[in-house]
Amino acid sequence: MKKAVLMGVPHHNNLGDHAIVLAEREYIEDNFKEYQYYEVSEETAEKCLEKVEKHIHPEDILFLHGGGNLGDEYLYVEEARRKVVQLFPNNIIIFFPQTMHFSNTEKGRKELEKSRKIYANHKKLVMVAREEVSYQTMKKEFSENNVIKTPDIVTYLNRNEIDEKRDGALLILRSDIEANFDDEKIKQIEQTTMKYFKDVVYDDTAKGPGILSKYREEKIEEMLKKYRKCQLVITDRLHGMIFAAITSTPCIALGNYNHKIKSCSETLEHLEYIKYVDNVEEIEENIKYLMSNKFEKYDNKFALEQFEQIKEEILKLLK
């Protein structure tokens with residue numbers, strides 16, 4: 001049986017990444033029923049890809065895990081992606097929706113040039129951007145490749161079918177290398193939120209030990225349940241915002257140090273319960289707006305229509 005292989009599946013603790021895998025798997029199994037689904041871990045793709053090589057045949061389709069790692073910030077992921085592209089020149093390869101960010105430094109420019117040369121040599125490669133800024137950058141920098149644009153793959157999921165009694169606010173704020181707020185700003189966020197909510201709970205979509213594939217769905221569902229039980233989420237995490245979208249939870253999304261959240265929020269502009277703000281001073285007026293209005297539930301139809309493009313590109317390459 002032909003195989004659809006998802007490469008670069010992570011086992012770290014970031015639930016956003018695990019939700020991406022869950023959506024990628026659902027997308028593959030929904031759209032490529034005649035293919036047997038397999039996963040290859042990030043560690044295998046990085047360190048011992050040759051072990052996988054003998055199990056992959058030219059008619060198999062390779063999908064590379066999406067997210068925000070096309071660039072030099074998480075270079076080990078980019079290097080593993082290059083290896084896959086070089087090792088399988090005859091296979092159809094799809095980069096699931098990505099944010100691209102090569103730093104404007106000597107190192108960043110050098111790494112971009114390496115990726116450009118390797119990807120340009122592959123004639124059956126489809127690169128998918130998950131927002132407009134990355135789409136325009138990919139089209140410019142990878143002009144010899146086929147580049148298309150869809151939303152983040154997690155929007156493929158529809159997870160608002162359960163009605164819970166909602167109460168309180170949930171703060172999902174980063175504390176890693178992508179964090180954008182100092183203690184003073186965080187205190188300001190807390191104080192503003194506490195004016196409107198008695199219960200304000202802190203959580204994060206990346207905490208604790210790594211998550212094995214067998215616990216992936218259970219851990220994601222635990223987090224989504226917290227979303228469905230709160231009245232408002234304030235977050236500076238991209239998937240903090242997208243989890244709010246797919247659970248129909250009012251959300252204020254704060255910009256981070258790159259274009260990722262702002263540009264992805266534009267793909268959700270039709271959802272009136274998702275509000276993007278550039279600074280913490282805008283939080284209060286948005287809390288008032290979100291708490292005084294009723295909104296329609298999330299419908300993933302807009303996303304399904306856009307993800308059809310991926311299948312169409314694969315069907316063209318199969319001819």
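1. Start with helix H4, which gives the most to the lining of the largest cavity, namely five residues. Keep in mind as you look that this is a predicted model.

2. Stepping back, the structure holds two cavities of 30 Å³ or more. The largest cavity comes out at a volume of about 110 Å³. Its lining is made up of 13 residues, and the closest to the centre are Met 7, Gly 8, Leu 64, Val 77 and Ala 80.

3. What is the lining of the largest cavity like by class: how many nonpolar, polar and charged residues? There are seven nonpolar residues, along with three polar and three charged.

4. Now for helix packing. Two packed helices are described by the angle between their axes and the distance between the axes. Take helix H8 (residues 216-228) and helix H9 (residues 238-246): their axes come within 10 Å, with a crossing of roughly 70 degrees. That angle is why H8 counts as roughly perpendicular to H9. The H8 and H9 crossing is right-handed.

5. Which residues make that contact? On the H8 side, look for Met 223, Leu 224 and Tyr 227; they meet His 239, Gly 240, Phe 243, Ala 244 and Ile 246 in H9. Sorted by class, the contact of H8 with H9 has six nonpolar and two polar residues, and no charged ones.

6. The other pair to check is helix H7 (residues 183-194) with helix H11 (residues 283-291). Here the axes of H7 and H11 come within 10 Å and cross at roughly 30 degrees. The crossing of H7 and H11 is right-handed.

7. At the H7 and H11 contact, Ile 189, Thr 192 and Thr 193 in H7 meet Ile 283, Glu 284 and Ile 287 in H11. By class, that gives three nonpolar, two polar and one charged residues.

Key
Residues are numbered from 1 along each chain as its sequence is written. This is a predicted model: local features need pLDDT of at least 70, side-chain atom pairs count only at pLDDT 80 or more; totals for chains, interfaces and linings use all residues. Side-chain values use heavy atoms; hydrogens and water are left out. On a 1 Å grid over the protein atoms alone, a cavity is a set of points where a 1.4 Å probe fits but cannot get out, and a pocket is an open set with protein on both sides within 12 Å along at least five of seven lines; lining residues have an atom within 4 Å of a point. Grid points are joined across faces, edges and corners, and a volume is the space filled by probe spheres set on the points. Helices (H or I, at least four residues) and strands (E, at least two) are DSSP runs, numbered from the N terminus. Ala, Val, Leu, Ile, Met, Phe, Trp, Tyr, Cys and Pro count as nonpolar, Asp, Glu, Lys and Arg as charged, and the others, Gly among them, as polar. Axes are lines fitted to C-alpha atoms, for helices over the stretch in contact, and angles run from 0 to 180 degrees between N-to-C directions. Angles under 35 degrees count as roughly parallel, over 145 as roughly antiparallel, 65 to 115 as roughly perpendicular and the rest as oblique. A crossing is left-handed if the near helix is turned anticlockwise from the far one by less than a right angle, and right-handed if clockwise. Contact means heavy atoms within 4.5 Å.
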